[in-house]
Amino acid sequence: MSLYADQLPQIQAAIVAIENGDTHTIGTRVYGAGDGDELYAREELLSIQAAIQAIQEGSQAYTIHGRSFTFGDLDDLYQQRDAARSRVQ
């Protein structure tokens, strides 16, 4: 697994928690009901970064949310990453 893929379960657990009306802490940050958009954007960004990393490290393909990417799709992934970064910030 990659650094990015390893972080996904934490974000996904936070999403589940806030969808159930609970809070979830990652590091020193407590996420609650108003943080859904940020968490979804962070999940998307981490997924894209994991795909980029896997492809750069030699994977032939990577799948995110049912869509497969290959080395030739790196430019598309970079564009998606930049868009997701802007939503997180």
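Trainee: What share of the 89 residues in the protein do buried residues make up?

Mentor: Buried residues make up 39% of them, where buried means under 20% relative accessible area with a 1.4 Å probe, counting protein chains only. This is a predicted model, in which local features need pLDDT of at least 70, side-chain atom pairs count only at pLDDT 80 or more, and totals for chains, interfaces and linings use all residues. Residues are numbered from 1 along each chain as its sequence is written, and side-chain values use heavy atoms, with hydrogens and water left out.

Trainee: Why are α2 and α3 called roughly antiparallel?

Mentor: Helix α2 (residues 36-56) and helix α3 (residues 74-88) pack at an angle of about 150°, and angles over 145 degrees, on a scale from 0 to 180 between N-to-C directions, count as roughly antiparallel, so the two helices are roughly antiparallel to each other.

Trainee: Which residues of α2 and α3 make the contact?

Mentor: Taking contact as heavy atoms within 4.5 Å, the residues include L45, I48 and I52 of α2, and L77, Y78 and A84 of α3. By class, this contact has 11 nonpolar, three polar and five charged residues, with Ala, Val, Leu, Ile, Met, Phe, Trp, Tyr, Cys and Pro counted as nonpolar, Asp, Glu, Lys and Arg as charged, and the others as polar.

Trainee: What makes β3 and β4 a pair of strands?

Mentor: Two strands pair if DSSP finds at least two bridges between them, and four bridges join β3 (residues 61-64) to β4 (residues 67-70), which run antiparallel.

Definitions and conventions. Angles under 35 degrees count as roughly parallel, over 145 as roughly antiparallel, 65 to 115 as roughly perpendicular and the rest as oblique. Buried means under 20% relative accessible area, exposed over 50%, partly exposed in between (1.4 Å probe, protein chains only).
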